[in-house]
Amino acid sequence: RAGAAEAQQYNASVLTDARTSIQPTQASQFTDAIAKARLIKAGEPYYEEAQQDIRSWSQIILDIAEGRATSGNLSGAIAAANVMPYDNAELHQKAKERIVFWQQREQSRGIIQAAQAIPRSGQASSYQKGIVKLAEVPIEHPEYETAQRLSDEWSDRIFSIAQARAAQGRRQAAIQAAVLVPAGTTAYEPT
C-alpha cells in the first residue's frame, strides 16, 4: 500500500512538472513535457491523464507549426513539426506530410527569388525569361499568387517596351517584344 501511495505521489509530481514546463510558443518544450509524461507507465496512477496530455500536447506542437507556416515562417514551422514525437502515429504522419509541403513552399520562394533576378530594364526577353521561371511555382502553393502578380507586372512591362519601340518607329523591334507577352497574363490580348 505504501508503494502505491508513493507511486501516486511521484507520478502526480512528474505530471505537474511536465505541465508546468511548457511555454505555449515553443514546440520543443511540449516535446520535453511529453518525454516526462512518458515516465508514467501503463497501469500506474495518472497513466491515463499522462496519455491524454501527450495526445493534447502533440496536437499543440502541430498547431504551433501550422501557426508559424500561416504567418510565413516556413523554417520555424518545419523546425516545430520536426520535434513531433512518435506517440500519436496519425499526428506524426501529418507532421511529416506538412514538412514536405512546407519544404516545397520554400522551393517555390527560391524560384520566385531566382526569377526576380532575371529581368533587366528595357529588355523584353529578360522579363519573358523571368515569367517562364515563375511558371515553375505550383498552383497549390500560396506563393503562386505572388508568381502570378509578378507575371502580370512583367507582361505589362514587356507590352510597354513594345509600345515604346512602336512609338519610336521601330516596328520590327516592337513586334519582337510584343510576341513575348505570354498568354494568360493581363497584357496578353489575342489579335
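Visitor: How many residues does helix α5 have, and what is its reach from first C-alpha to last?
Guide: Keep in mind that this is a predicted model. Helix α5 runs over residues 89-116, which gives 28 residues. At 1.5 Å a residue you'd expect 40 Å, and the helix comes close to that, with a reach of 41 Å.

Visitor: Which helices do the buried residues of α5 pack against?
Guide: Let's start with the residues themselves: the buried ones include Leu91, Phe101, Trp102 and Arg105. Ile111, Ile112 and Ala115 are also among them. The partners of this buried set are α3, α4, α6 and α7.

Visitor: At the start of α5, which residue has a side-chain oxygen that reaches the backbone nitrogen of Glu90?
Guide: Look at the beginning of the helix, where the backbone nitrogen of Glu90 has a side-chain oxygen within 3.1 Å. That oxygen belongs to Asn88.

Visitor: Is Ser58 buried or exposed?
Guide: You'll find Ser58 in helix α3. Setting aside residues up to four places away in sequence, Ser58 touches Ile34, Met84, Pro85 and Leu91. Its relative accessible area is 0%, and the cut-off for burial is under 20%, so Ser58 is buried.

Visitor: Are α2 and α3 roughly parallel or roughly antiparallel?
Guide: Their axes come within 9 Å and cross at roughly 165°. Angles over 145 degrees count as roughly antiparallel. Therefore α2 is, relative to α3, roughly antiparallel.

Visitor: Which residues of α2 make the contact with α3?
Guide: The two helices pass each other in a left-handed crossing. On the α3 side, the contact involves residues including Trp57, Ser58, Ile61 and Arg68. On the α2 side, they are Ala27, Phe30, Thr31, Ala33, Ile34 and Ala37.

Visitor: Which backbone oxygen does the side chain of Ser155 reach?
Guide: Ser155 sits in helix α7 and is buried, with a relative accessible area of 0%. Leaving aside neighbours within four places in sequence, its contacts include Ile131, Val181 and Pro182. At 2.8 Å, its side chain reaches the backbone oxygen of Asp152.

Visitor: What separates the C-alpha atoms of Val181 and Gln8?
Guide: Val181 is in the segment after α8, and at 6% relative accessibility it counts as buried. Its contacts, apart from neighbours within four places in sequence, include Ser155, Ile158 and Phe159. Gln8 is 173 residues away along the chain, and the C-alpha separation is 74 Å.

Conventions: Residues numbered from 1 in each chain as written. Predicted model: local features only at pLDDT ≥ 70, side-chain atom pairs only at ≥ 80, totals over all residues. Heavy atoms only, no water. Helix = DSSP H or I, 4+ residues; strand = E, 2+ residues; numbered from the N terminus. Expected span 1.5 Å × (residues − 1). Buried < 20%, exposed > 50% of the residue type's maximum accessible area, 1.4 Å probe, protein only. Contact = heavy atoms within 4.5 Å. Polar contact = N/O pair within 3.5 Å; in protein donor to acceptor, adjacent residues only side chain to side chain. Axes fitted to C-alpha atoms, helices over the stretch in contact; angles between N-to-C directions. Parallel < 35°, antiparallel > 145°, perpendicular 65-115°, else oblique. Left-handed = near helix turned anticlockwise from the far one by under 90°.
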